[in-house]
Amino acid sequence: MRILVVEDNPKIAEGIRKGLTENGFAVDVSLTGFEAEEMASSVDYDIVVLDLMLPDRDGTDVCRNLRRRKNKTPVLMLTALGSTEEKVAGLNAGADDYLTKPFEFEELVARIRAILRRGEPTESRTLRVHDLELDLYTRQAKRAEKKIELSNKEFALLEYLMRNPNRVLTRTQIGEKVWDMNFEPSSNVIDVYIANLRKRIDKDFDTPLIQTIKGAGYRFGVMDDNAVG
């Protein structure tokens with residue numbers, strides 16, 4: 001899942017970026033409202049974490065402009081101003097939720113997860129495909145009751161694959177959702193992580209879940225006749 005963090009304080013922005021990355025998200029950072037609008041309009045983010053007080057424009061203006069552009073990306077507004085008027089202004093501008101500074105980082109992650117769950121058929125904390133389970137809260141994976149250790153990036157990659165079962169995903173799509181703006185499309189980093197993930201979740205099991213689709217990308221689910229691993 002890819003997040004855009006809009007925060008003009010570099011230290012705070014880096015702290016949020018680091019924390020979200022450790023929780024399995026791909027994170028881009030913008031220090032200004034103008035840049036944030038351009039980035040949000042050119043990249044398919046899953047959520048925007050938007051500070052209210054920005055140097056070049058108000059966060060509510062940024063949110064309002066995104067909505068005017070028909071951008072439906074969920075927005076979580078951050079602010080040191082906790083008055084009801086400020087919250088109402090942000091929500092009326094199109095924000096999906098509001099978090100007042102200072103906040104506990106665990107609450108930020110929980111609110112992001114809650115927003116991302118909206119619109120899904122269920123609000124389960126666990127993703128399941130075949131006999132593989134991924135707990136989004138404890139960040140633990142297990143297959144047939146066997147626990148599987150994953151790095152932060154492996155967890156993020158597996159989460160994306162499991163959210164899109166039986167769908168052919170191109171390397172570009174995977175790169176856009178699992179890696180940040182520094183991702184180099186011509187590199188083989190996705191193939192390397194896919195290979196590592198195969199060792200974790202497929203190697204010791206009879207039914208492979210990660211399939212390579214020649215000339216297209218990867219598919220996650222039970223093997224069919226059109227897939228070659």
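Mentor: Happy to. Let's begin with the surface: the protein exposes about 11,600 Å², and carbon and sulfur atoms supply 49% of it. Those areas come from the Shrake-Rupley method with a 1.4 Å probe, and for residues only the protein chains shown count as cover. Keep in mind that this is a predicted model, where local features need pLDDT of at least 70, side-chain atom pairs count only at pLDDT 80 or more, and totals for chains, interfaces and linings use all residues. Residues are numbered from 1 along each chain as its sequence is written, and side-chain values use heavy atoms, with hydrogens and water left out.

Trainee: How many helices and strands does the protein have?

Mentor: Eight helices and twelve strands. Both are DSSP runs numbered from the N terminus: helices are H or I with at least four residues, strands are E with at least two.

Trainee: Why does Thr73 count as buried?

Mentor: Buried means under 20% relative accessible area, exposed means over 50%, and partly exposed is in between (1.4 Å probe, protein chains only). Thr73 has 11% relative accessibility, so it counts as buried. You'll find Thr73 in the loop between helix H3 (59-68) and strand S4 (75-79).

Trainee: What does Thr73 touch, not counting residues up to four places away in sequence?

Mentor: Tyr45, Asp46, Ile47, Val48, Arg67 and Asp96. A contact here means heavy atoms within 4.5 Å.

Trainee: And Thr79, buried or exposed?

Mentor: Buried: its relative accessible area is 0%. Thr79 is in strand S4, and among the residues it touches beyond four places in sequence are Asp51, Leu52 and Tyr98.

Trainee: What makes Val5 buried?

Mentor: Its relative accessible area is 1%, so the buried label applies. Val5 sits in strand S1.

Trainee: Why is Glu145 called exposed?

Mentor: Glu145 has a relative accessible area of 61%, so it gets the exposed label. Glu145 lies in the loop between strand S8 (140-143) and strand S9 (146-148).

Trainee: How do you know that helix H6 is mostly covered?

Mentor: Nine of its twelve residues are buried, including Phe155, Ala156, Leu157 and Leu158. H6 covers residues 152-163 and reaches 17 Å from its first C-alpha to its last, close to the 16 Å expected at 1.5 Å a residue. That expected span is 1.5 Å times one less than the number of residues.

Trainee: What covers the buried residues of H7?

Mentor: The cover includes H6, strand S1 (2-6), strand S2 (26-30) and helix H8 (189-201). The residues being covered are Ile174, Gly175, Lys177 and Val178.
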